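Here's a quick briefing to read alongside the model.

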Amino acid sequence: MIPFFNISEKIENASENALKMCCNQFEKINEITEYNQLKVQKAFIEFGISESHFVPSTGYGYGDRGRETLDKVWAKVFGAEDALVRHNFTCGTHTLATALFGVLRPGDKMLCVTGTPYDTIHNVIGITGQGMGSLKDFGVEYNEIPLKDERIDLKAIEAAVNSSTTMVYIQRSRGYELRPSLSVDEIGQICTAAKRKNPDVIIMVDNCYGEFTEKREPCEVGADLIAGSLIKNAGGGIASTGGYIAGRSDLVEKCAYRLTTPGLGKEVGATLGLNRELYMGLFFAPHTVGEALKSSVFISALFESFGYDVTPKYNEDRHDIVQCLGLENPESLVAFCQGIQSGSPIDSFVLPEPWDMPGYDSKVVMAAGAFTLGSSIELSADAPIREPYYAWIQGGLNFHSAKICAMLAAQQMEDKGLLK
């Protein structure tokens with residue numbers, strides 16, 4: 001049934017059954033994808049995008065029409081007043097750090113309401129790495145509210161926010177945790193609760209992995225600032241680097257001052273011919289995210305049918321592209337990642353092995369055969385070698401490629417006598 005690859009009948013049959021299980025969720029994803037695609041397309045038409053917007057600028061980059069219009073298109077799509085979309089954001093963490101340092105000042109108070117945030121932001125805040133120039137080093141006070149039964153605790157949030165709270169920080173995605181990702185509705189509830197206590201509080205959302213998974217974005221429900229990476233959802237698998245910040249115009253301007261320099265902000269920054277791929281990436285993003293969502297739903301259905309714990313379940317609504325898979329032992333974790341790698345278009349010949357990765361307290365095995373190094377919208381799988389032995393899977397530029405990778409992962413486990 002499957003040409004080009006050696007797949008057992010057991011896995012082929014399980015795949016066919018999984019596809020049937022996914023039909024309803026695929027229909028929902030198609031509806032969201034079409035809505036978001038039309039939203040993006042309308043913005044391109046409204047701002048009259050043409051080849052002239054792709055013309056490179058050099059040096060200071062003054063008067064770069066393509067750069068300035070891209071910010072307007074981005075703001076329109078994400079329901080924001082303004083946006084800052086640049087190829088020279090090096091990664092999502094850099095983008096988030098620029099936003100945080102852009103709007104927070106010594107003596108300000110930052111409150112994270114979704115538990116401890118993702119590992120790479122710890123040094124930025126000062127949870128770890130004191131003395132490195134963190135927010136804490138600059139006198140910004142940090143506190144956090146833990147999740148309650150893996151969900152946001154609205155009562156605790158409302159009790160904690162007061163007139164001295166400068167920023168409420170929200171991480172939309174689950175990151176490397178098993179807790180559910182946040183829906184836009186839940187983000188709206190946080191905004192309402194926080195603004196009720198302090199109308200001037202800044203609501204900032206780490207929007208990574210969540211863009212275009214729903215019909216609305218956080219700025220449309222009360223968030224003041226959102227930020228994300230262009231080698232995740234928002235770049236559509238086309239952008240080769242970069243990030244974005246969007247939200248209130250005064251806050252975006254402060255972030256621009258942080259990225260470049262006070263007084264210059266968004267007025268400088270040569271685009272060097274990269275505008276075309278940033279525009280094209282945004283145009284492709286809704287469809288690519290839809291393919292990634294279908295890939296996650298399929299993986300969930302396939303491995304649930306084999307008897308593994310999965311979160312989210314295949315029939316649950318999704319608010320980011322991350323899929324967690326409980327594989328129960330280190331041997332299965334490694335085999336799964338090796339199977340994913342074997343079907344990747346890039347570096348398929350590489351055999352992932354656990355290693356001591358900086359910043360982690362245990363060995364980590366990673367599978368990623370991507371056209372863009374570190375791209376999380378392309379299919380990848382990461383797994384710390386520790387109990388309860390879960391793999392975190394995200395991405396998939398197209399569903400059919402991700403589907404065969406998932407089947408090859410199951411095949412690798414079966415070949416080693418590990419598949420349940």
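Which helices and strands each supply at least two residues of the lining of the largest pocket? They are helix 3, helix 4 (122-125), strand 10 (364-368), strand 11 (380-384) and strand 12 (390-394). Helices (H or I, at least four residues) and strands (E, at least two) are DSSP runs numbered from the N terminus.

Some ground rules: this is a predicted model, where local features need pLDDT of at least 70 and side-chain atom pairs count only at pLDDT 80 or more, while totals for chains, interfaces and linings use all residues. Residues are numbered from 1 along each chain as its sequence is written, and side-chain values use heavy atoms, with hydrogens and water left out.

**The largest pocket**
- About 1,000 Å³ of space lies in this pocket, the volume being the space filled by probe spheres set on grid points that are joined across faces, edges and corners.
- A pocket here is an open set of points on a 1 Å grid over the protein atoms alone, where a 1.4 Å probe fits, with protein on both sides within 12 Å along at least five of seven lines.
- The lining runs to 44 residues, and Y118, Y176, M366, G374 and S376 lie nearest the centre; a lining residue has an atom within 4 Å of a point.

**Helix 3 (residues 92-103)**
- Helix 3 has twelve residues and reaches 17 Å from its first C-alpha to its last, close to the expected 16 Å (1.5 Å times one less than the number of residues).
- Eleven of the twelve residues in helix 3 are buried, meaning under 20% relative accessible area with a 1.4 Å probe and protein chains only.
- Among those buried residues are T95, L96, T98, A99 and L100.

**I245 in strand 7**
- I245 lies in strand 7 (residues 243-247) and counts as buried because its relative accessibility is 0%.
- The contacts of I245 (heavy atoms within 4.5 Å) include T95, T98 and A99, along with D82, F89 and C255, not counting residues up to four places away in sequence.
- I245 and L397 are 152 residues apart in sequence and 23 Å apart in space, C-alpha to C-alpha.

**Nonpolar cores**
- A nonpolar core is a set of buried Ala, Val, Leu, Ile, Met, Phe, Trp, Tyr and Cys residues joined through side-chain atoms within 4.5 Å.
- In the largest one, with 98 residues, W74, F303 and F336 touch the most other members.
- Helix 8 (residues 275-305) gives this core its largest share, 13 residues.
- W74 touches A83, V85, L230, A234, Y244, L278 and L282, again leaving out residues up to four places away in sequence.
- A second, separate core of 28 residues includes L96, L100, I121 and M167.

**Helix 10 (residues 399-415)**
- The end C-alpha atoms of helix 10 are 24 Å apart, which agrees with the 24 Å its 17 residues should span.
- Twelve of the 17 residues are buried, including F399, C405 and M413.
- Helix 1 (9-46), helix 8 and helix 9 (330-342) are among what covers the buried residues of helix 10.
- Just after helix 10, G417 takes a positive phi of about 70°.

**Cysteines**
- The whole structure has zero disulfides, a disulfide being a pair of cysteine sulfur atoms within 2.5 Å.
- C219 has its closest cysteine sulfur in C191, 9.0 Å away, so the gap is too far for a bond.
- C337 is in no disulfide either, and its nearest cysteine sulfur, that of C405, is 12 Å away.
- C219 counts as buried at 12% relative accessibility, and C337 counts as buried at 0%.

Technical notes
Buried means under 20% relative accessible area, exposed over 50%, partly exposed in between (1.4 Å probe, protein chains only).
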